[in-house]
Amino acid sequence: MAEPSGHQVQFKPKANLLILLGEELIKSPVMAIYELIKNSYDADATEVKIEFNNVEDPQKAQIVITDNGTGINEAVLTSVWFEPGTDFRKPLQDDGTRKANLSPVFKRVPMGEKGVGRFAVHKLSNLIKLKTRPAEVTPGKSGATANVNLLDYELHVEIDWRSFSSQKYLDEVAISWKKVTAPESFHFKKSPGTYIELNDLKETWTKGMARQLKRSTVSMLSPKNEEKEFSIALNFHNDWLKALPSVNQVLDAAPYKLTAALDPQYNLTFDYHFSLQNNTALGHRDIDGKSKDAVIRSKYKRNIREELKQSVRNFFAKNKEIAAEEIEAHTEALLNRSASFGTLKLEVYSYDLDAQSLRDTMPEPTLIKDLLKEQSGIRVFKGDLRVYDYGEPGNDWLGFDLKRVQNKEWFSNNQVIGFIYLDPAQSGVLVEKTNREGFIANAAFEKFILCLEFIFNDFKVERSVDRRKWLKFNHKESPNSFEGNIKSFKELVESAVIPNAQEKKRILSEVSALEKRYQQDKTALLIPAGVGMTASFAIHEIEKLVPRLHDSVRENPLDSIKLKSLVNELTDYVNGILSILRKGGIKNILLAETVEQAVKNYELRLQMRKVNVSVHVDPGISEIRCDKRLLITMLMNLIDNSIHWLETVYKPNKGIYISATKSKDGVSIVVADNGPGFKDNIEDIVRPFFSRKDGGIGIGMYMIDTAMMQFGKLNIIYDKEELLERNIPAMYNGAAVELLFNKF
């Protein structure tokens, strides 16, 4: 690097820089108090007391924060405390990372790392008095408890922040402090600690602010924290904090509960429970280690590395400027590395907020609404303390509300209370922003989000299964659904006093005819919707192919072999679209040719994903009566599903087997693969909007099931022995779907 030329000058910070650190970086009085609590935690305190004196009199109001930590010694006060931005607790290493200096007594990973938290007091008041009595800590031998030796002095500091508002430079503003050695003048007589007194408060505190602070201080501490290890006592010396709802009481009553853990090697433990405290007749459902059911055990514990692949691919495709042909390599590289943020633990409590559901949940349903109003959202904790501002009101950082708009199976942010726990010693790669608005969006954070979204998607699926059963139990269709409104109207007519019995019968008949017509129209519209959905895949691939073609024709000299390959790829996609868009109609079609076309439409994707397809069509079956484009669409949907789920397992030989045979009931077409298989019953699989795919619409299997009603039916074959009896090779022991044509 060249030497600079000309004059040299040093930065000369103005005194009001410290005011900016307090005013601009600390966004609220609550966050200012949080910064002071973190300082107490880092000082090995087991207790911090926050008292508001004369809070209803603005002229006399005062805030006092006292802790029983190890205090601040003279060397730290002069060389660290008075130096903004010091990296005393987490010194910066040569490689740009920070290495935490563990606290001497309890070996805590420090929560403060930027060296600016102490200036939070300026957000609260103009005048500060600090009294601290330090202790010298020496480590015990062979893992024994550290020795804490009380020192024989106190340090007293007074700061008037208004003096920093001038145009003086920072080094021109003096701060008054003194070392007190007379024991009778000590604030702390027999123990170490720090006392901070704040006067001339900047805001007049109200009952609403007090209750918000109480809720926030409760949420500052991890639910796993034990009070004897670290506690926060808040006292306003009035009745402002009375009658706040009990958090644990509401959490215990949550109908949907999840406890999950993901280790750095992507091993997931997924412990899920559904039960209703106030409606035991519905029973309960559990996914845990106690079950003897193989399917449930496979949900409870598994490695999700391969299952994460599709989410990672989608992430790279949407958010990174990476060529399509390079996405696979980037995906493998990312997942070949362990999760650098360490073990992730998660607790989730979710509710439904309609009146009937609230009555079923607990005897006092208003407590749920009151708590969710203030505590809903997903919070993050590093060790004992919270990472802001995840889970704050309005911060739907995982996008639950948008997901619900796109898919009604999702829950909203105001229906869930969740806690994410990180080990502070392992999660240093997740770095907090200086302004306390979450983590910096680095590569580790991106992987953190991808893993969380995967776990929450699984939770959404299990939750929706129980929600549907719950609604059915209460004889209640989905709110505002056509079926629900029709049912309600019929019940209303049945119970109404209509003197003319024939007129009543006619009204019910008209309603039934309307309901039948709705089902017919829905089926008719479902077919083109499914065709369009299938065609959209090919169009999406063409969009990625055209730029590659454009680049190839500009090469000099032209690579004729490469160009021919791209043109053939484009031809295949176009033919695939045409095969499902041509005018259809129910008639006799050649079965083998139709199956071949469906497979050919996915030929390139199958090659890219290294999935082999084997087709066996009974020679005795030449034709089948169906709409050709519809059958191609159904087969393509099944092939697409198989490809997706085959990507979630590691197998050297991934395959799909398509079999068409005669049976006593008609013609059976089975599409089987050697993927992970189905984790749900057929009732849920064919339900509209039900999907385990991250971002899946949940319409494909519903469309196939509805379409097959006019030709026969759709079956899910769970029994592996039955597949062997049908001459399906043993290796295809994953998902198996049968299209049974028995209506001609």
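## A loop residue, Asp 57

Asp 57 has a relative accessible area of 29%, so this residue counts as partly exposed. Its place in this predicted model is the loop that links strand 1 (47-53) to strand 2 (62-67).

## Helix 2 with helix 5

Two packed helices are described by the angle between their axes and the distance between those axes. For helix 2 (residues 29-42) and helix 5 (residues 207-220), the angle is about 35° and the axes lie 10 Å apart. Their crossing is right-handed.

## Helix 8 with helix 9

Further along, helix 8 (residues 309-319) and helix 9 (residues 327-336) have axes that come within 9 Å and cross at roughly 125°. The two helices are therefore oblique to each other, and helix 8 passes helix 9 in a right-handed crossing.

On the helix 8 side, the residues in contact are Lys 309, Val 312, Arg 313, Phe 316 and Ala 317. They meet Ile 327, Glu 328, His 330, Thr 331, Glu 332, Leu 334 and Leu 335 of helix 9. How many charged residues does this contact of helix 8 with helix 9 have? There are four, alongside six nonpolar and two polar residues.

Key. Residues are numbered from 1 along each chain as its sequence is written. This is a predicted model: local features need pLDDT of at least 70, side-chain atom pairs count only at pLDDT 80 or more; totals for chains, interfaces and linings use all residues. Side-chain values use heavy atoms; hydrogens and water are left out. Axes are lines fitted to C-alpha atoms, for helices over the stretch in contact, and angles run from 0 to 180 degrees between N-to-C directions. Helices (H or I, at least four residues) and strands (E, at least two) are DSSP runs, numbered from the N terminus. Angles under 35 degrees count as roughly parallel, over 145 as roughly antiparallel, 65 to 115 as roughly perpendicular and the rest as oblique. A crossing is left-handed if the near helix is turned anticlockwise from the far one by less than a right angle, and right-handed if clockwise. Contact means heavy atoms within 4.5 Å. Ala, Val, Leu, Ile, Met, Phe, Trp, Tyr, Cys and Pro count as nonpolar, Asp, Glu, Lys and Arg as charged, and the others, Gly among them, as polar. Buried means under 20% relative accessible area, exposed over 50%, partly exposed in between (1.4 Å probe, protein chains only).
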